[in-house]
Each structure stands twice: as structure tokens, then as C-alpha cells.
Amino acid sequence: MRERNLDFDRVRDRRGTGSLKYDFAAKRGKPDDVLPLWVADMDFPTSSFVVDAVTRRLADGIYGYTEPGESYFRAVESWMREHHGWQVQERWMLKTPGVVFALAMAVKAYTKPGDAVLIQQPVYYPFSEVIRDNGRVVVSSDLIYGEESDYEKYSGLIYGKDLNQTAEEHVPGADAGGKSGRRNSEKTKPVRANQVGTGKYHIDFHDFEDKIVRHGVKLFLLCSPHNPVSRVWTREELEMIGEICLRHHVTVVSDEIHEDFVYGCRRHQVFANLREDFREISVTCTSPAKTFNLAGLQVSNIFIPNAHLRAQFRKQIDAAGYSQMNMVGLTACEAAYRDGREWYEQMMLYLLGNISYVRRFLEERLPEVRLIEPEGTYLLWLDFCGLGLSGAELEELITKKAKLWLDSGAMFGPVGEEFERINVACPQSILEEAMRRLECAVRSR
């Protein structure tokens with residue numbers, strides 16, 4: 001049987017379906033006639049294999065409590081191994097109704113009220129929400145945006161002698177004899193930063209470690225690939241993060257929901273798979289929701305190799321009163337990972353075409369608006385600083401004049417002001433209309 005849902009040009013009318021993306025503009029303070037390219041779901045029907053599996057399951061007519069069988073794990077395990085080179089074990093896996101739910105469980109499991117939790121803004125806004133809403137304190141080591149010279153200024157010879165000396169001097173809990181309590185320091189090696197182009201985001205590792213030390217951070221929420229700035233972190237960058245977190249006994253919760261969206265010659269690096277000692281401090285959050293457009297089915301697979309961390313996490317799920325997963329979500333997840341490869345590959349090719357279209361349009365017709373070159377995700381990060389508008393003026397331009405519903409950069413943190421996030425997982429005709437509206441609004445200022 002062949003995949004049937006490969007016509008990505010076809011426009012589907014999603015209005016009147018209860019779609020968060022299309023049906024709730026007025027309730028969220030937007031004009032009814034805005035073109036929505038905000039929330040991260042696609043305007044593409046998922047794989048026909050998923051549709052068929054769900055249809056067959058629903059035809060049974062009995063929708064009782066459901067647990068996945070061995071075939072579920074085999075499908076997930078196979079996808080992770082074949083696409084990411086990661087050999088997962090069934091005992092590591094816990095299932096949750098979404099990655100954001102898992103982030104909240106992790107915050108409750110690994111910190112106490114009043115504790116600081118580290119993030120890297122601009123970042124997916126629920127990171128901040130699950131921290132604050134659970135009575136913890138948000139600490140951000142903001143990503144650095146700028147020219148290559150700026151990166152060299154901040155990082156240079158990263159993780160060389162100076163940074164290690166600084167870390168030893170400031171590690172909390174050093175004994176009277178000056179012992180730092182560092183772990184695995186013998187594995188730390190000087191690593192020179194990769195050569196970079198302009199307008200790219202980077203990690204300031206000095207600031208990253210300083211924030212951990214000064215605020216007593218014990219939990220870091222990593223976004224990998226990063227939403228919204230579209231970075232796919234290199235192995236070297238992730239190893240630097242891991243070394244710092246090991247040294248200061250920080251648990252790393254890695255949101256890898258966008259792991260299947262990587263462009264060019266890059267490869268997604270699973271943080272937990274880089275080294276055995278990283279695996280022991282990690283919680284890896286995965287889901288087919290973005291890859292196969294299944295967000296409404298509420299299914300995520302969380303991998304926690306360390307038994308103690310896994311028990312702490314499970315305790316919070318139990319305390320929340322959650323047990324069996326959604327039957328339809330489980331069915332869709334298994335079918336997607338088992339049979340959805342052709343759909344996924346063709347969808348990725350279509351996304352590349354959409355990204356190329358936006359890049360070319362901005363270069364040729366709106367050079368004042370800068371595309372931050374995407375390395376991953378289907379969410380493009382646009383720099384509007386060249387227009388010289390305030391945050392309020394930019395929102396007026398986007399929403400009222402262009403009649404577009406994008407995600408304002410400010411919601412990802414203060415450093416996101418003057419940026420907008422746009423979802424390009426849609427038929428190209430929709431994207432063409434969006435770019436036309438944007439151009440008309442900018443030219444009519």
C-alpha cells in the first residue's frame with residue numbers, strides 16, 4: 001500500500017473545526033481576518049498510514065483504558081535508532097500527554113519552590129511558564145545574536161584554561177582545602193568555536209556557567225533544536241553544556257520535539273547519547289507531534305535512563321493523577337513511526353522549498369527584514385530591527401496592516417523584541433499570500 005497524503009500544495013479549510021490556529025483569533029485579541037502562521041502545527045494532513053490506523057481503531061467502537069503493547073516500543077525504538085543513532089531501552093521510557101506536561105513534571109520533580117531553573121532566551125515561552133507557575137525562579141543565560149566577532153568576543157577559545165579556572169574558583173560547596181567537587185574534569189579539553197556567519201545565535205558559555213553558580217541552579221531546560229532561533233546545536237556545543245552541568249550537578253531536561261527537522265548536512269545530536277555520564281543526568285523529551293502533525297492527540301515519549309531520576313519523575317506524574325494515555329494518540333504514534341517514513345521525507349522536501357521561497361522573497365523584495373538562517377524546525381525567526389519600529393509599532397504593522405497572525409518575538413523573552421516567528425509548514429500558496437501582505441504593509445508605512 002502506498003502513501004496517499006503527498007499533495008502538500010492542496011489548501012484545506014480548517015476553519016470551523018475547532019482549530020486553535022484558525023478559529024480563535026478574536027478570543028485572542030486578533031482581527032477575524034488575519035492569516036494565521038503562528039502556533040506550531042502544520043496545514044498538511046498527516047500520513048495516510050496514520051489516518052488508516054486511527055480509523056481502524058475507532059471503528060471498533062470501544063474506547064476503554066488502553067496501554068501500548070510491545071509493537072509500540074518497537075516502532076519508537078526503530079525510529080530513534082534509524083534517524084538519530086540512539087539505541088533506547090524500554091525501561092527508560094515514560095509516556096506523557098505532551099512535552100510541556102513533561103517539562104512541568106520535571107520542574108516539580110527536580111527542584112523545590114523558590115529554586116532557580118536555567119533557560120536560554122529567546123526560547124519557547126512555556127519554558128518560562130512552567131517554571132513560574134510552579135513557584136520557581138526563571139534564570140536566563142540569553143543566547144548571543146550577532147557577527148562572528150561578537151561570538152569570538154564572548155567565547156573565543158571556549159572551555160580552555162581560563163573558564164576552567166573560573167569554574168573551580170566558584171563551585172559551591174568547595175571544602176576548606178579548596179577542593180572544587182568537579183566531576184570528570186579530566187575529560188575537559190580546549191575546543192575552538194566553529195567559524196560562523198553573520199546573524200547567528202550562539203551560547204555564551206562563560207555566562208551560562210556563571211548563572212548556574214550565582215543562582216545555585218540544579219535544573220536546566222535545553223531546547224534542542226532550538227525554538228525559535230532554529231539552531232541545531234553541534235556536538236561540541238552540547239559537550240560544553242554537559243561538562244558544565246556535570247561539574248555543578250545540574251540535571252538537563254532536553255526538549256527534542258523538533259529533532260526530525262534538520263537541514264543541510266547537519267545532524268541532530270541527542271544530548272543523552274553523546275556520553276554515558278551525560279545520559280545519567282538527562283531527561284529527553286520526544287514526540288511525534290511536530291514530525292507527523294499529531295499535536296491534538298497528546299502523546300509524548302520521555303526517556304530517563306537514570307533510575308533515580310526516572311522514579312522522581314514518575315512520582316510527579318502519579319501525583320498529578322495521570323495514568324493511561326489517549327488510545328488514539330498511542331495508535332497514531334505507533335503507525336507514524338512504523339509506516340510514515342515516505343510522508344516524512346516528502347514533507348521535509350516541501351518544507352525546504354518553502355524556506356527557499358521565504359529566503360528569496362526577503363532578499364529580493366524585503367531586504368529590511370532579515371531571515372535568521374534556519375538549521376532546524378519549521379519555524380522561521382525573522383529580524384525586523386531594520387524597520388526601526390518599537391515593539392508596539394511592529395505588532396501594529398504585522399497584525400493590523402499586514403493582517404498576519406505571527407508569534408511576537410517578545411513572548412520568547414525580552415531579547416526577542418523586534419523579531420517575529422513564522423510557521424512555514426503550509427501550502428506554498430498560503431506562504432506567498434503572507435509574504436505579499438507583509439510587503440504591502442512595509443511599503444505603505
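Which side chain meets that of Asp115 in a salt bridge? I found that of Lys112, at 3.9 Å from N to O. I took a salt bridge as a side-chain nitrogen of Lys or Arg within 4 Å of a carboxyl oxygen of Asp or Glu.

I noted that the model is predicted, that local features need pLDDT of at least 70 and side-chain atom pairs pLDDT 80 or more, and that totals for chains, interfaces and linings use all residues. Residues are numbered from 1 along each chain as its sequence is written, and side-chain values use heavy atoms, without hydrogens and water.

I looked up accessibility (buried under 20% relative accessible area, exposed over 50%, partly exposed in between; 1.4 Å probe, protein chains only). Lys112 is exposed at 55%, whereas Asp115 is partly exposed at 25%.

I then examined Arg231, which forms a salt bridge with Glu375, the closest N and O atoms being 2.8 Å apart. This pair links distant parts of the chain, 144 residues apart. Both Arg231 and Glu375 are buried. I traced both into a network of salt bridges that also includes Lys200, Glu237 and Arg266.

Lastly, I followed an open sheet of four strands, ordered β13-β14-β17-β16 with antiparallel pairing. β13 (370–372) and β16 (407–408) are the edges; each has a single partner strand, so one side of each lacks a neighbour in the sheet. I took strands as DSSP runs (E, at least two residues), numbered from the N terminus, and as paired if DSSP finds at least two bridges between them. β14 and β17 pair over five bridges, and Leu379 stands opposite Asn423 in β17.
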